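Please look over the structure below. A short report follows, arranged by site.

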Amino acid sequence: MAKPWVCIDCGARQADKGACAACGKGDTLDTRDEKVRELMYDVDLRLRQKAETRARMIGVAIGMGTIGACMVLVPGYWKLRGRLYPGLPGLIDQWFFMAVIGFFASKLLERVLLMQRFPYLNEQQQIVD
Ligand SMILES: [Zn+2]
């Protein structure tokens, strides 16, 4: 039983029950309790979903901004369309490029924005022993 008590507010662990020594915001909970581990999982899940949502919004903006900037600022951008590849009606090809750029930008940002409070949660051994 190294540090079984965890602070839900900041994720710090400590050996003794009582107020959190790291942030002092609240009492620590016992990680040996299944319900506490579920709560920790839910907190991290919520943080992950928040990071994904934010990353997706920024990714969409980056995708649209990149293609928009290419259309306006890159000379000859429109001439490539039809020469390198056939343009699709309704600018579907441009929307596709935005989506691809946005997707990869958001996947990269997810990793940057994700801040797990309990990164040690899946290391079951460390929590229980
Ligand atoms: Zn704390």
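Arg 37 is buried, at a relative accessible area of 14%. The model is a predicted one. Burial here is a matter of the cut-off, because buried means under 20% relative accessible area. The partner of Arg 37 is Glu 34, and their side chains meet in a salt bridge at 2.7 Å, N to O. Glu 34 is partly exposed, with 44% relative accessibility.

Both residues belong to helix 1. Three residues separate Glu 34 and Arg 37, about one turn of the helix.

## Salt bridges elsewhere

How many salt bridges does a search of the whole structure find? The search finds four. One of them joins Asp 93 and Arg 81, with the closest N and O atoms 2.6 Å apart. Asp 93 sits in helix 3 and Arg 81 in the loop between helix 2 and helix 3, so this pair ties together parts that are 12 residues apart in sequence. Asp 93 is buried at 4% relative accessibility. Arg 81 is partly exposed at 21%.

Another pairs Glu 110 with Lys 107, and here the closest N and O atoms lie 3.4 Å apart. That still counts as a salt bridge, because the limit is a side-chain nitrogen within 4 Å of a carboxyl oxygen. Glu 110 and Lys 107 are three residues apart in helix 3, about one helical turn. Glu 110 is buried, with a relative accessible area of 17%. Lys 107 is partly exposed, with 37%.

## Zinc site

Which residues coordinate the zinc ion? The donors are the SG atoms of Cys 7, Cys 10, Cys 20 and Cys 23, at 2.2 to 2.3 Å. Along the sequence, these donor residues follow the spacing C-x2-C-x9-C-x2-C.

The four donor atoms subtend angles of 106 to 114° around the zinc ion, so the arrangement is tetrahedral. For four tetrahedral donors, the ideal angle at a metal is 109.5 degrees. Cys 7 is buried, at 0% relative accessible area. Cys 10 is partly exposed, at 30% relative accessibility.

Helix 1 covers residues 34-73, and Arg 46 lies in it. Arg 46 is exposed, with a relative accessible area of 55%. How far is Arg 46 from Cys 23 in sequence and in space? They are 23 residues apart in sequence and 21 Å apart in space, C-alpha to C-alpha. Cys 23 is one of the zinc donors.

Val 72 is also placed in helix 1. Val 72 is exposed, at 68% relative accessible area. Between the C-alpha atoms of Val 72 and Ala 55 there are 25 Å, and the two residues are 17 apart along the chain.

## Nonpolar surface patch

A nonpolar patch on the surface is formed by Val 60, Met 64, Trp 78, Leu 91 and Trp 95. Together they have about 480 Å² of accessible area. Trp 78 is in helix 2, residues 77-80. Is Trp 78 buried, partly exposed or exposed? At 38% relative accessibility, Trp 78 counts as partly exposed.

Leu 91 is in the loop between helix 2 and helix 3. Leu 91 is partly exposed, with a relative accessible area of 33%.

## Backbone at Leu 91

What is phi of Leu 91 near? Phi is near 55°, a positive value in a residue other than glycine. Most residues other than glycine have a negative phi.

Helix 3 spans residues 92-113 and holds Ser 106. Ser 106 is buried, at 6% relative accessibility. Its side chain reaches the backbone oxygen of Phe 103 at 2.9 Å.

How values were computed: Residues numbered from 1 in each chain as written. Predicted model: local features only at pLDDT ≥ 70, side-chain atom pairs only at ≥ 80, totals over all residues. Heavy atoms only, no water. Patch = residues over 30% accessible without salt bridge, like charges linked within 9 Å, V, L, I, M, F, W, Y side chains within 5 Å. Areas by Shrake-Rupley, 256 points an atom, 1.4 Å probe, with all protein chains shown as cover. Helix = DSSP H or I, 4+ residues; strand = E, 2+ residues; numbered from the N terminus. Buried < 20%, exposed > 50% of the residue type's maximum accessible area, 1.4 Å probe, protein only. Donors = N, O, S within 2.8 Å, 3.2 Å for Na, K, Ca; no water. Tetrahedral: all angles 85-135°; square planar, octahedral: opposite > 155°, others 65-115°. Polar contact = N/O pair within 3.5 Å; in protein donor to acceptor, adjacent residues only side chain to side chain.
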